[in-house]
Amino acid sequence: MGVPLTWRVARLRERRVETPTAQTLVLSVPGWPGHLPGQHVDVRLTAADGYRAARSYSLAAPADDDRIALTVQRVPGGEVSPYLTDVYAEGDPVEVRGPVGGWFVWRTDSTAPVLLVAGGSGVVPLAAMVRARRDAGNRAPFRLIYSVRTPADVFYADELRRRIRDDRGLDVTYVYTRQAPDGWRDEPHRIGPADVHRHGWPPELEPLCYVCGPTGFVETVADLLVDLGHPARRVRTERFGPTG
Ligand SMILES: Cc1cc2nc3c(=O)[nH]c(=O)nc-3n(C[C@H](O)[C@H](O)[C@H](O)COP(=O)(O)OP(=O)(O)OC[C@H]3O[C@@H](n4cnc5c(N)ncnc54)[C@H](O)[C@@H]3O)c2cc1C
């Protein structure tokens with residue numbers, strides 16, 4: 001029997017700019033029970049008139065005592081994300097419930113090769129896996145394919161650059177959909193079978209595959225992986241919402 005999830009009051013302790021439209025929020029959550037990489041929380045806002053809105057946000061990193069990190073992409077016209085990125089101030093409360101999710105998780109004692117495929121802000125729970133691997137000293141080979149509109153939209157860009165250099169067994173490949181850096185090897189394009197074939201793992205190595213992003217992206221990539229021969233049970237997916 002799982003422990004029933006309760007709403008806890010969290011407060012903003014730190015804000016880090018990731019891109020012009022996305023920020024990492026570090027919250028302190030007294031009594032936080034800990035979590036696994038891949039899990040998420042529900043965040044609930046309550047307006048002065050009592051109106052409430054809740055949305056899910058992936059946990060971006062292993063917990064640091066009672067501190068958790070979320071990375072929020074501002075969705076224009078959205079109810080919750082523009083509040084979190086533009087209005088929510090240090091010390092302010094929000095309610096948080098979690099951790100949520102038991103399937104889209106990676107366990108730090110796992111030794112199987114891992115393929116992570118991110119679409120846009122779908123990189124958040126996958127970055128949590130990369131960070132947890134490093135913290136645990138796990139040597140499972142990891143490959144991350146990160147589909148993103150332009151170089152300026154990459155979350156955790158400096159950290160990923162550093163980790164490619166320092167975290168043995170971690171490879172990161174970018175697939176740009178709108179604008180690539182000068183001299184990039186490919187024209188901007190949506191991820192396709194050649195990208196997954198070239199930068200993923202062959203099914204014979206029995207990798208665990210984690211795919212996260214907008215709904216349409218996740219469905220396309222999960223189908224590609226199954227078409228390439230990966231058993232559906234080894235392809236774990238998390239859908240963040242509509243394709244933009
Ligand atoms: C399990 C899970 C984990 C998630 N983790 C993250 C995360 O780590 N970081 C993050 O930024 N978001 C994450 N999301 C998405 C998040 O929950 C919200 O859907 C998103 O922030 C938009 O909420 P909003 O209230 O601002 O917009 P809403 O008021 O809900 O929607 C406004 C408009 O934007 C459209 N829309 C809603 N969601 C999206 C979206 N994701 N992309 C494009 N258009 C959208 C709606 O159809 C609507 O037209 C996650 C979602 C799920 C289900």
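Reply: We can begin with the cysteines. This is a predicted model. A disulfide is a covalent bond between the sulfur atoms of two cysteines. The sulfur of C212 has its closest cysteine sulfur in C209, and at 14 Å that is too far for a bond.

Me: How many disulfides does the count give?

Reply: The count comes to 0 disulfides. C209 is in no disulfide, and its nearest cysteine sulfur is the one in C212.

Me: Are C209 and C212 buried or exposed?

Reply: Buried here means a relative accessible area under 20%. C209 is at 0% relative accessibility, so it counts as buried. C212 is also at 0%, and therefore counts as buried.

Me: Now the ligand. Which residues come nearest to it?

Reply: There are 19 residues around the ligand, and R55, S56, Y57, V80 and S81 come nearest. By class, this shell has 8 nonpolar, 7 polar and 4 charged residues.

Me: Which helices and strands each supply at least two residues of that shell?

Reply: They are the strands β4 (52-58), β5 (67-73) and β11 (235-239), together with the helix α1 (81-87). The one that gives the most is β4, with 4 residues.

Me: What lies 2.9 Å from a nitrogen atom of the ligand?

Reply: That is a backbone N or O atom of T71. As for cover, the ligand taken alone exposes 900 Å², and the protein buries 73% of that.

Me: Next, a single residue in a strand. Where is L70 placed, and what is it in contact with?

Reply: L70 is in strand β5. Leaving aside neighbours within four places in sequence, its contacts include L25, L27, V41, V43, Y57 and L59. L70 has a relative accessible area of 2%, so it is buried.

Me: How far apart are the C-alpha atoms of L70 and L59?

Reply: They are separated by 5.3 Å, although the two residues are 11 residues apart along the chain.

Me: Which side chain makes a polar contact with the side chain of R131?

Reply: The side chain of E159 does, at 2.5 Å. Leaving aside neighbours within four places in sequence, R131 is in contact with A60, A61, P62, Y156, E159 and R163.

Me: What about a residue in a loop, such as N138?

Reply: N138 sits in the loop between α2 and β8 (142-148). Its relative accessibility is 10%, so N138 counts as buried. A polar atom of its side chain lies 2.7 Å from the backbone oxygen of T108. Beyond four places in sequence, N138 is in contact with W106, T108, D109, S110 and R133.

Me: Last, the backbone. What should I look for there?

Reply: Most residues other than glycine have a negative phi, and most peptide bonds are trans. Exceptions to either pattern can be picked out.

Me: Which peptide bond is cis?

Reply: The bond from G98 to P99 is cis, with omega near 0 degrees. P99 is in strand β6, residues 93-100.

Me: What is the phi of D65, and what is that of Y156?

Reply: D65 has a phi near 60 degrees, a positive value in a residue other than glycine. Y156 is not a glycine either, and its phi is positive at about 55 degrees.

Me: Where are D65 and Y156, and is each one buried or exposed?

Reply: D65 is in the loop between β4 and β5. At 69% relative accessibility, D65 counts as exposed, because the cut-off for exposed is over 50%. Y156 is in the loop between β8 and α3 (157-166). At 5% relative accessibility, Y156 counts as buried.

How values were computed:
Residues numbered from 1 in each chain as written. Predicted model: local features only at pLDDT ≥ 70, side-chain atom pairs only at ≥ 80, totals over all residues. Heavy atoms only, no water. Polar contact = N/O pair within 3.5 Å; in protein donor to acceptor, adjacent residues only side chain to side chain. Contact = heavy atoms within 4.5 Å. Near = heavy atom within 4 Å. Areas by Shrake-Rupley, 256 points an atom, 1.4 Å probe, with all protein chains shown as cover. Nonpolar A, V, L, I, M, F, W, Y, C, P; charged D, E, K, R; others polar. Disulfide = S-S within 2.5 Å. Buried < 20%, exposed > 50% of the residue type's maximum accessible area, 1.4 Å probe, protein only.
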